[in-house]
Amino acid sequence: MGLKVVLPYLLVCYLFFYCKWVKGSRKLSKEEDLELDEQLKRLNKPALKTIKTKYGDIYDCVDFYKQPAFDHPLLKNHNFLLEMRSTSIPRRVSPKKKVPKLDFNLVNIGLEGGGCPVGTVPIRRTTKDDLIRAKIYSEMYASKINPLADDKPGTHYAVAQTKQNINYDGVGAELNVWNIPVQDSQYTSGRIKISNGAESIEAGWTVNPGLYGDNRTHLYIYTNAGQSHCFNAQCGYVHISREMPLDMVLGPVSSYGGKQYGMTLSIVKDKDNWLLRWDDPPINLGFWASHLFTNLGNTATQAEWGGEVFGPRHVPLPGMGSGHPLRINTKYDAFCGRAHVVVNNTIINPPKDLALLFDFYDVDNRNVGGAPGYLIFYGGSGGAIGN
């Protein structure tokens with residue numbers, strides 16, 4: 001694929017989804033306003049049906065083959081089928097001791113009225129305000145690559161990470177879901193992640209007003225494929241579920257010391273694709289084609305669980321997880337429970353010697369025995385200022 005074809009797409013990807021929103025703005029020129037109108041026409045595809053959620057989000061039921069993913073230059077000549085189903089769901093080996101499921105309620109899922117008609121998928125409608133936030137404040141967003149590096153300011157982590165350089169076919173966990181205050185230029189997230197070298201895929205929950213224009217908790221993905229780095233569907237992720245949109249609002253959310261609400265997510269290799277699964281109840285949400293990647297297209301060499309926040313320099317950082325210091329208690333802390341990896345199409349515990357990476361926040365890994373038995377706590381109150 002020629003560089004002249006790929007670079008314009010990557011620039012659009014960066015401007016739209018690699019940015020933050022802060023208060024205040026400048027007035028757009030007439031030319032810029034017309035450019036945004038043209039971009040909206042390209043982004044918002046013709047809809048067979050439109051669904052408005054109780055939160056005010058509008059989802060267009062777009063023909064599967066006309067969704068934004070297929071605008072990606074590497075997916076122009078695809079042979080994907082809407083009826084694609086998993087061919088090799090990872091199996092569980094019956095352990096001598098099973099770990100009880102964590103005490104949390106599942107968040108509500110699905111769109112009103114049963115979702116989109118057969119043959120279509122729900123795509124969140126992009127507004128001009130979305131594009132204005134992206135255009136004006138794209139410089140606010142620093143690179144998410146290379147955790148804890150001084151030359152990548154703004155992004156901070158508290159994660160448990162595999163150290164053994166072996167081939168992984170997937171990663172998964174039960175994540176409780178939170179909603180804590182962030183400023184317009186910040187975000188806070190909890191997620192699972194699979195990677196090979198600089199390339200990675202992550203999925204989880206986030207509060208990200210710069211991306212969504214609100215302070216609610218959303219399901220999200222982040223793709224790092226070669227020179228392409230994007231939130232949600234703009235880097236070639238293909239959505240297949242007609243009931244559950246990729247970036248839906250998650251609720252109810254957990255309360256500190258009270259009821260816990262969560263979800264069970266996994267990213268698994270399925271033949272030539274990386275599949276995003278909602279595991280309880282089992283729903284295939286979508287997939288990444290292997291040829292979007294260089295190294296990660298074949299296999300992953302690292303898995304990760306935990307939290308991530310972003311904040312611009314010289315602004316107090318937001319909270320992570322529950323927004324409080326860790327108490328090592330599932331009623332008070334954000335967690336990735338029953339954390340596991342997939343090796344040779346089999347769900348197993350991660351290696352025992354997980355690396356714990358953190359700076360202003362905290363992470364703790366507890367091997368509670370049985371399979372899958374890892375319980376990873378992460379979080380902190382924020383407030384620090386620095387890189």
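**Close-up views of the predicted model**

**View 1. N232 counts as buried, at 5% relative accessibility.** Here buried means under 20% relative accessible area, exposed means over 50%, and partly exposed covers what lies in between, with a 1.4 Å probe and protein chains only. The structure is a predicted model, in which local features need pLDDT of at least 70 and side-chain atom pairs count only at pLDDT 80 or more, whereas totals for chains, interfaces and linings use all residues. Residues are numbered from 1 along each chain as its sequence is written, and side-chain values use heavy atoms, with hydrogens and water left out. N232 is found in the loop between strand 11 (228–231) and strand 12 (238–239); strands (E, at least two residues) and helices (H or I, at least four) are DSSP runs, numbered from the N terminus. The side chain of N232 is joined to that of Y212 by a polar contact of 3.0 Å. Such a contact is a pair of N or O atoms within 3.5 Å; within protein, one atom must be able to donate a hydrogen and the other to accept it, and residues adjacent in sequence count only if both atoms are side-chain atoms. Once neighbours within four places in sequence are left aside, the residues in contact with N232 are L211, Y212, Y220, I221, Y237, L246 and D247, where contact means heavy atoms within 4.5 Å. L219 is 13 residues from N232 in sequence, and their C-alpha atoms are 9.2 Å apart in space.

**View 2. T217, in strand 10 (residues 217–225), is buried at 1% relative accessibility.** The side chain of T217 reaches the backbone oxygen of W178 at 2.8 Å, and it also makes a polar contact of 3.0 Å with the side chain of N179. Leaving aside neighbours within four places in sequence, T217 has among its contacts V177, W178 and N179, together with W205, T206 and V207, and also M248, V249, L250 and V253.

**View 3. Y187, Y220, Y222, F231 and F310 form one aromatic cluster.** Rings of Phe, Tyr and Trp (its six-membered ring) pair if their centres lie within 6.5 Å; planes under 30 degrees apart count as stacked, those over 60 as edge-to-face and the rest as tilted. By this rule the count comes to 9 aromatic pairs. The pair formed by Y222 and F231 is edge-to-face, with 5.0 Å from centre to centre and 70 degrees between the planes. Y222 is buried, with a relative accessible area of 2%, and F231 likewise counts as buried at 2% relative accessibility.

**View 4. The largest nonpolar core has 76 residues, of which I267, W278, W288 and W305 touch the most other members.** The largest share of this core, 6 residues, comes from strand 17 (residues 334–343). Apart from it lies another core of 7 residues, including L211, Y220, Y222 and F310. A nonpolar core is a set of buried Ala, Val, Leu, Ile, Met, Phe, Trp, Tyr and Cys residues joined through side-chain atoms within 4.5 Å.

**View 5. Strand 6 (residues 155–161) is mostly covered, with 7 of its 7 residues buried.** In a regular strand the side chains alternate between the two faces of the sheet. Both faces of strand 6 are covered, with T155, Y157, V159 and Q161 buried on one side and H156, A158 and A160 buried on the other. Strand 6 runs antiparallel to strand 16 (residues 302–310), to which 7 bridges join it, and Q161 stands opposite E304 in strand 16. Strand 6 is also joined to strand 19 (residues 355–358), in the antiparallel sense, by 4 bridges; in strand 19, L356 is the bridge partner of A160. Two strands pair if DSSP finds at least two bridges between them.

**View 6. An open sheet is formed by 3 strands in the order 1-2-5, with antiparallel pairing.** Strand 1 (47–52) and strand 5 (120–124) stand at the edges, each with a single partner strand, so one side of each is left without a neighbour in the sheet. Strand 2 (residues 58–63) pairs with strand 5 in the antiparallel sense over 5 bridges, and V62 stands opposite V121 in strand 5.

**View 7. The protein chain as a whole holds 4 helices and 21 strands.** Of its 387 residues, buried ones make up 56%. Among contacts in the protein chain between residues at least 6 apart in sequence, 75% join residues at least 24 apart.
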